[in-house]
Amino acid sequence: MNPRAAYLLAALSALLLVLPLVADSYLISLATLILYLAYTGQAWNLMMGFAGQLSLGHALYLGVGAYGAAALYHHFGIGPWAGMWLAIGLSVSLAASLGFLAFRYGISGVYFTLLTIAFAEFARIGFDHFNWVGGSGGLFLKVAQRDQIDIFNLRGTPVMFYYVMLALAAGAFALCAWCLQSRPGYYWRAIRENEEAAEALGIDALRWKMLAIVSSAAMTALAGVFWAFYYNNLFPEQIFSIGRSIEIILGPIIGGIGTLAGPILGAALLTLIADGATELVAALGWDVPGVKQLIYGIILFAVVVFLPQGIWPALARKLNLSK
Amino acid sequence: MNRGVQHYTLSIPTKGEFIDFIVLANVLVSGVLTGLVYGLMALGLSVIFGVARVVNFAHGELMAVSMYAAALSFAAFGVDPFLAAAPVAVVFFVFGYMFQSTVIQPFITRPDHAQFILLLAVAIIITNSLLIVFGPDARSVRLDYLLESIELGPLLIDRGKLYAALVACGAAAALFAFFRLTLTGAAIRACADSWLGAKVTGLNVKRLYALTFGLGTACVAVAGCMMILLVDLTPGLGPAYTLLAFVIVIVGGLGSMNGALVGGVLIGVSEALAGLLLAPSAKSMFSFALLIIVLLLRPRGLLGEKL
Amino acid sequence: MSALLRLHNVSKTFRGLSAVTSVSLAVEPGAIVALIGPNGAGKTTLFNLVAGALRPDSGEIHFNGARIDGLRPDQVCGAGIGRTFQIVKPFAGLSVLDNVVVGALKRATGVAEAKRHGANIIAQLGLRPKGDWPASALTLPDQKRLEVARALATRPKLLLLDEVMAGLRPTECDEMVALFREINRREGLTILLVEHVMRAIMALADSVLVLHHGEVIAQDAPAQVVRNPAVLDCYLGEDTEL
């Protein structure tokens, strides 16, 4: 790795590790949100940036993961570390079905994307009527004492949640970094660039695309588990909505699809700008919903039109960080 | 319902009740009429997606804008949406033409997903701009002369729905006529069949794509002016209609204008039935299930060409 | 000596038009066989049938003793057949070396080994100085070399070359010919090539197959084939000078 990049990475890691010691609770929650978006963005990036499949229905895995673990905790008292296996299992099965159906029936491009949306929407409406987990009224987890840290049940302070999310995000980063330099990374990128040529070189495209989809779903499911225990309430309208899926993809697209740093940069940029804008609007005394999303839309538009590779590649060149 | 008319019962049990045949018939008719307006909206997408090859993920949002335009002109100037339809359509045509030729044109050579995301961005911008400008409260347009329903035998037909459906049919007919009977229409159809062939024979493909996009947008404009009479308007309608338009176009068959209308009616009827037999909130679930089934079993849709 | 590749009565029809009609041929191990014929004769279809991109409507294809018709393209590669495409398909966003590494990974146990093997192959094809370049930055002749390098990286027993000389200058063409002869001599790589460039065919091929309207109309040594009246009639023309 480029020495400047390594130095930057080390500095960033150090900063993230000590952040809770110097920051106030607002900043910590903001940082947690950035890490959450970086993590889910990285998970989505696996499927899009590496295997080239555009999914606009990732909220499905988020929601199923969240509801899976939450239901087990709510009804049976089973903690998230055990419950996450159900969460992952369910998401993986859904992703596998979706992938199998799509690839077996040759659905690609915009049709594939529409299929992912349909699955997520179906889940949203379905869970609205799924009364065992609260239906449209929502599922609520018992909120324990906030100053007692029970990591086994993921009950505790915002600082605890920050470090959990940091661990997840760091893990995702490491996984993707390893992937890029190993067989899956090479094979996925080959499939993304030219599937026919990849097959001629002995790559079983179906199997590898499935692997991408399933891995992406499993990672996203974990984020769902985190979400459930962090916010302590789940509503189908919220967690399965297409807005959630869009939120997941904004970071990687703006930061740079297929890059390692892209999702992180994108997540940070978007959250900080959105937060700044909301503060500004509040300071001006307006109470206007939709400003944040409007800004997201404008940034997305600008990036897609002027910087199609995302911000990171251009930035990396400018700062002399690429290999 | 009790006006001295004989009740016919049909044994469709739902939650232990039986459905009155007349209720069912009225619901079906209502579904067909609404479906025709859906069909016009989908026709716009079919033209845009099928010909100009634009994955218009902002389609429903454009419809929402048109609905706001109609609602505004009614509230501010008392203009009847039936009258507003034509000028709104013209404005939308111009906008569509310019939008395609300036913003979308460079994306034709770029990978599919880039275009998709571009229009997604546009959709987000539109929906939230509407939210900021108009607020989240619902609006509607109520015309006095539409309050009375029309009696057709035992059926009770909503006047507004009927007129809206008629206008939708008229607009669709005009579009069909354009494509069948004019030279430009033929040129556009040629473009759809073969981009390269069209270029080679000297057709100005760029201009035709822009024209097509403009026509599609105009369709959406008319559909929106009609839809405001049928439903209450909120900024969140945009995304829902975008998805609905895609479902209809895919179910009906991409590249088939007839398919868009047939698909629209089919979805309108199935929504109406689902609303009656299941819970009202489940009606779009049915549409999505239909989309999934069609994508898997018959991707070219009912009337589309083989993919 | 049993043939490495054997086709037996292979046919393929597209919407009523017979692209390949009952073609039978055999390629001996270590041989270099050229497939020629006018456009539309079915040459690329035949390639696609062997490579698994298409499934024959009837007939059998045997490779190295096993039946391969009906296998997927990646399985065919696993069996030992590498191929290039008539219109090059580089992995544009990857570097030249990474392109070849993708191929090398087929037989290598890990990325490190694949990189070593890949670097080797790149050097053989004269692409070493451009190893870090994005594949999209290469000129067409270099992209063709990359295409060949990638296929070679999978360590095939049989290499299918689809009009790889098209667009190359005579000196470049001669370089490619020399390279193939070298690999054929050194490693016994069997080559089946579709070509229009007679210069390359005369220099490379042990035997030439002529395809016309989906049927084999001649199969002989190059010197004989260019004198075959049927071949002159349908393809080469009376005044062919070689």
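This is a predicted model: local features need pLDDT of at least 70, side-chain atom pairs count only at pLDDT 80 or more; totals for chains, interfaces and linings use all residues.
Residues are numbered from 1 along each chain as its sequence is written, and chains are lettered from A and ligands numbered from 1 in the order in which they are written.

Let me begin with the contacts between chains, where two residues are in contact if their C-beta atoms, placed from the backbone, lie within 7 Å. Of the two pairs of chains in contact, it is chains A and B that share the most contacts. That contact draws 30 residues from chain B and 34 residues from chain A. On the side of chain B that touches chain A, helix 4 (112-134), helix 9 (237-252) and helix 11 (283-297) of chain B each supply at least two residues, and the largest share, 14 residues, comes from helix 4 of chain B. When I say helix or strand, I mean a DSSP run, numbered from the N terminus, with helices being H or I of at least four residues and strands being E of at least two. This side of chain B divides into 24 nonpolar residues, five polar and one charged. Here Ala, Val, Leu, Ile, Met, Phe, Trp, Tyr, Cys and Pro count as nonpolar, Asp, Glu, Lys and Arg as charged, and the others, Gly among them, as polar.

Chain C also meets chain A, with 21 residues of chain C in contact with 16 residues of chain A. The elements of chain C that give two or more residues to this side are helix 2 (73-79) and helix 3 (96-104), and the residues on this side of chain C divide into 11 nonpolar, four polar and six charged. Chain B and chain C, by contrast, do not touch, and their nearest C-alpha atoms are 13 Å apart.

Now to chain A itself, which has 14 helices and two strands. The C-alpha trace of chain A spans about 60 × 45 × 40 Å along its principal axes. With 323 residues, a compact globule would have a radius of gyration near 20 Å, and chain A agrees with this, having 20 Å; the radius is taken over C-alpha atoms, and the globule rule is 2.2 Å times the number of residues to the power 0.38.

Within chain A, how do helix 12 and helix 13 cross? The axes of helix 12 (residues 262-283) and helix 13 (residues 291-306) of chain A come within 9 Å and cross at roughly 140°, which makes helix 12 of chain A oblique to helix 13 of chain A. Axes are lines fitted to C-alpha atoms, for helices over the stretch in contact, and angles run from 0 to 180 degrees between N-to-C directions. Angles under 35 degrees count as roughly parallel, over 145 as roughly antiparallel, 65 to 115 as roughly perpendicular and the rest as oblique. Among the residues making this contact are Leu270(A) and Ile273(A) of helix 12 of chain A, and Ile295(A) and Tyr296(A) of helix 13 of chain A. By class, the contact of these two helices of chain A has nine nonpolar, one polar and one charged residues.

Finally, let us turn to chain C and its sheets, in which two strands pair if DSSP finds at least two bridges between them. An open sheet of four strands in chain C has the order 2-1-4-5 with antiparallel pairing. Strand 2 (17-27) and strand 5 (66-67) of chain C stand at its edges, each with a single partner strand, so one side of each is left without a neighbour in the sheet. Five bridges join strand 1 (residues 5-14) of chain C to strand 4 (residues 58-63) of chain C, and His8(C) stands opposite Glu60(C) in strand 4 of chain C.

Another open sheet in chain C has six strands in the order 6-7-8-3-9-10, with mixed pairing. Which strands of chain C stand at the edges? Strand 6 (81-83) and strand 10 (215-220) of chain C do, each with a single partner strand. Strand 3 and strand 9 of chain C run parallel and are joined by four bridges, with Leu35(C) opposite Leu209(C) in strand 9 of chain C. Strand 9 and strand 10 of chain C, on the other hand, run antiparallel and are joined by five bridges, and in their hairpin, which has two residues between the strands, His213(C) takes a positive phi near 50°.
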